[in-house]
Amino acid sequence: MKTQLEKLKQEFIKGLEEVKDTLKLEELEQRFFSRRSGELTEVMKNLKELSGEAKKEFGKLANEVKGELEEMYGKKKQELENVKSGGLADKEWIDVTEPKLPKVERGHLHPNTIIQNDLEDLFASMGFMVLDGPELESEYYSFDTLNIPATHPARDMQDTFYIKGHSNWVMRPHTSPMQVRAMQKYGAPLRMIVPGKCFRNESTDARHEHTFYQLEGMVIDKEITFAHMKGIMQAVADHLFGKGTEIRLMPKYYPFVEPGVRGEVTCFLCKGKGCRVCKNSGWLEVMPGGMTHPNVLKAGGIDPNKYQGFAFGFGLTRLVMLKYGIDDIRHLEGGDVRFLKQF
Amino acid sequence: MLISFNWLKKYVDLPDSITAEDVADRLKLSTVEVESVVFQGAHLEQVVVGEILEIKNHPNADKLHLAQVDVGEKKPRQIVFGQMVKMEVGFKVPVALAPTVLPGNKVIEKVEMRGELTEGMLCLDQEIGLLKDGVSIQFFDKKVKNGTSVVEALKLNDYILEVDNKSLSNRPDLWGHYGMAWEVAALFNKKVADLDIKEFKPGKDVKLKIKIEDTENCTRYIGAVVGGIKIEPSPKWMQDYLKACGVKAINNVVDITNFVNLELGRPSHAFDRRDIKDDTIIVRRAVEGERLTTLDGIERVLKDTMCLVCDAEKPVDLGGIMGGENSEIKPDTTEVILELANFNAANIRKTMSAFDLRTDAGVRFEKTLSPHLAELGLKRILTLMKEIIPTAHLISKVVNINNDKAEKRSIELSPEYFTKKMGVELDKKQVVKILQSLGFSVVDKKANLLVSLPLWRSVKDISIPEDLVEEIARIYGYANIPAEMPVFPTNPPELNILRKLERQMKEILSLENGYSEVYNYSFVAPEFIKRIGLSTEELIELDNPIAKDRPYLRHNLWPSLLENIETNQRQAEVLRLFEIGKVFRIEQAGMRVGENSDELLPRQDTLLCLVCAGKNIAVPFFEVGEAFKSLMAHFNAEVEYKPNEKVADAFVHVGRQALVFVNGKEVGAVAELNPMTQKNLGLEARVGILEINLDELLPVLTNEKKYVPLPQYPVVVRDIAFVVDRKITHAEIVQALTKIDPLIVSVELFDVYSGKNLGENKKSLAYHITYQSLEKTLESGEVDKVHTKLIAKLEKEFQAEVRK
């Protein structure tokens, strides 16, 4: 059978060499490939009668030969057609590796915008309002209403930017002032997020910036529990880092929540094994949160005996850096097009 | 804060199977952030006891010496050392054998120092991790064999837990091992051993007088005089605990006060009685400019807000922060006055930050300690003194001036409250058990539980039922609380239309118009503002700018985008950038400062700014102008640019500027930068700038699109070219021509040309004129008639020379 195939192949090559026009080519096709009586088809049919190893071996060989013959046939066909069109393919040959000129540059969204949009969509799909508030805020909304007393370190000049001539105005050090503004405006129940720019009086280096972005959220209703906060955090972690991301919550003190927690997720890079990004802990601290303190609800005009809820936040800037592996925070507000073009 | 594992085990009986790491892991999940657990002997494998056999001066360095040291090897090692501690032949000290790596990744190698080989290093306590700061060294007894590992010689078998201080900011009780022990006991279901506390008979020999004048900053002062003191080193067990926590052992009296500070988190102070004039203590406010030299030898100039402890004539202690040098414990001290006072937390913090000073006492006081610790602390100190200095005894009464405000140290908690808040069922028994395991006492009053704080816990930390919920939850374990999704009604959220607009604009500008988005600081530099030729007068100023060069808040976006062009102009042939962000305008009124306040914040509108510059772009005005028109086309909005007739600012190119109208409303401006300003700023190419106020734009965007039936009859397009004066505008021509006849449905400019051959001040314009009727197919004659009228109009109204 092997010799039969080899012979067939030689005859086909010989036949192909003699072909000078499409008509002849079609005849050749009929002779070898015809479904009913093609010579190759016949050989293939005979395969059925073999069995076991022999069938396997010759089947493979026959298919290889068939592939080779078809390839030769196709090339010949194309050759004949090119001749027919007067050598168009050659005359109009282009260098397909060349770019189109002049170059059209596309624009780029800032990486923070990309991540922020993504999270806004996630929360909107869960029925959260997307709010925004003043970046130059009052001390009242930034601290007083958030249960942060006048003696708290956050209120020091070295932590918060104050405005000259207006001792009760600050550049908001977090997005939390909108918790109270939103409660006052919309009351309960409430479901909202606030993405936004924040400011801290902090020296700038590769890991610290005086200007950064947060995304904060709040849910208030009659029966909103800590378990619900954990649920929302898990949903966000799944969305950001993929299904199966674990979260763990640990106590942390923030004056505007009680209990307060810091939330960690399994490191998305090493999947919890430990790497440079998570400082070998396997965990990344990305979301603080907690049950809204009764004093904050009161400041928002909501009766803490009737309603309760939670607040949570993300360092949006930190998420952007983690997501894209950005090693220097200063790039985000550096306006360097070599950086911006990467997104 | 360093926690010694051995010390913790003094109070909590943990089996050997529970390691320091296990404890750290549980604390992390339920209590505080433990940053590391370090074995005391870690990195000390190559540090041994060495005896100094010979000392010579270093031939090439005045301040260095050479020692031959017997480290238990066949030959002594030559080691170069400095002058930190005086060395003598026969001393036995810790020696690091090169090559090795000491704690803190300090690499020790065999190297030549100024031409002399050193085969190791004589180690100070700091270098082997036994001291945070300061200088001290271990001297070993003659009996200790040379070459013995220091881990063995010093019995370094402790594990040190380093706890992040920030995570302790609301838990003053955890600034001591005893408080931490209660946490560990609760987490591992163990009991806490009672503290050894004895009662002492008051003495009669000395009459201690205490007066608190500054009642605002000092609410309690307990004083007692102890006699029969003999100053000696404290016992080794105490020194070991102190060292484990990085505190230098000084003498028995000072070490006892430091020990109690690390045990109960309760600072105290001991004065040498001889230095306290008239056995009198007065707590008062400092006089502005008054001076006190503290124990660290620094003379401090005080402010009148600071609280001072004084004797009958002079200050002796910076209250709650650091003692005075003038009354410190000395080797011959025999009688001490003990101070356990309660100071105002906020004032302590203010004073420390004024001196940029953080002391072990101050960091505890600033957290608002439980006031009850003062009495407990004194009793504990007296108990330890008696144990360590058997001759010690009270020689005065315990004077207790107590103005502490009464605290509410009991809270009513209904057992169901936990479930309501946390979303997980816990029965009353479990709630009570957890609270008791943390030292709370619980009285079951049927409907509610009456929960009282253990005396070491602070009401600043626990004052409402929510605080107790946290206590129960964290010991129960946050991991044991399920993650559940809340159930909400399906009503859609209110749409934030400004955010939606911003987002649409960003996407269209970047993906369709080739503009890249930048985020700039809200702060601007006066120097740059002045170079543009703008005044800083209207700008809001920061009181405490971080970057001294950027103290102002931006009033517009475009100045920062000019900076972006400056930094990037070598990076690309054409720069197309945009930003959407808030600006700050004090001359306009914004949101309220408080809910019921009449005071208003500055207005903070959201602006959009586009800039374009490139060396091959002759008129960047058109670049930004067209990008905005194309953007607005998505909203079906009509954009008009009308030259601003008012006197323009100097930085504006007067011939290339306009106000921007959208659907008839002025919403911004577009211009090229004046080439002079451009040069001043070091910008190589012309810059087009467009800035739009989105808060103004939003109300005029209707975003309405309506279907128009497709015309049934074909259009006829005639092209026309003509020469007119260069100042005749396209807008004027379009307006005039479209009015001529209803058959003219579109007037579209397709070429502009000016050249010498046209004559000075002339330009040639070419238009496609589209004719169409809704009723029939137009015949050529009908079009000719109108087209002739159109030519006549051009010639008459604009003195156009129509090209044929």
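Predicted model: local features only at pLDDT ≥ 70, side-chain atom pairs only at ≥ 80, totals over all residues.
1. The largest nonpolar core holds 244 residues, and the members that touch the most others are B:Cys609, B:Leu610, B:Val611 and B:Val624. The surroundings of B:Val611 can be listed. Residues up to four places away in sequence being left out, B:Val611 touches B:Trp558, B:Leu561, B:Ile565, B:Leu577, B:Val624, B:Val687, B:Gly688 and B:Ile689. Another core, of 25 residues, lies apart from the largest one; among its members are B:Leu44, B:Val49, B:Val69 and B:Leu154.

2. Helix α6 of chain B runs over residues 252-264 and has 13 residues. From the first C-alpha to the last, α6(B) reaches 18 Å, close to the 18 Å expected at 1.5 Å a residue. The helix is mostly covered, since 13 of its 13 residues are buried. After α6(B) comes B:Gly265, with a positive phi near 70 degrees.

3. B:Ile337 belongs to strand β22 of chain B, residues 336-343. Is this residue buried or exposed? B:Ile337 counts as buried because it has 24 C-beta neighbours inside 10 Å, and the cut-off for a buried residue is 20 or more.

4. Neighbours within four places in sequence aside, B:Ile337 is in contact with B:Leu208, B:Gly223, B:Val225, B:Phe271, B:Arg273 and B:Ile276. B:Ile281 lies 56 residues from B:Ile337 along the chain, and their C-alpha atoms are separated by 9.7 Å.

5. The last point concerns a hairpin in chain B. Strand β26, residues 441-445, pairs with strand β27, residues 448-452, in the antiparallel sense over 5 bridges. Within this pairing, B:Lys445 stands opposite B:Asn448 of β27(B). The hairpin has 2 residues between its strands, and B:Lys446 takes a positive phi near 65 degrees. Why does β26(B) lie largely in the open? The number of buried residues among the 5 of β26(B) is 0, so the strand lies largely in the open. For α6(B), by comparison, 13 of 13 residues are buried.

Terms used
Residues numbered from 1 in each chain as written. Chains lettered and ligands numbered in written order. Core = buried A, V, L, I, M, F, W, Y, C linked by C-beta atoms within 7 Å. Buried ≥ 20, exposed ≤ 12 C-beta atoms within 10 Å, placed from the backbone. Contact = placed C-beta atoms within 7 Å. Helix = DSSP H or I, 4+ residues; strand = E, 2+ residues; numbered from the N terminus. Pairing = 2+ DSSP bridges. Expected span 1.5 Å × (residues − 1).
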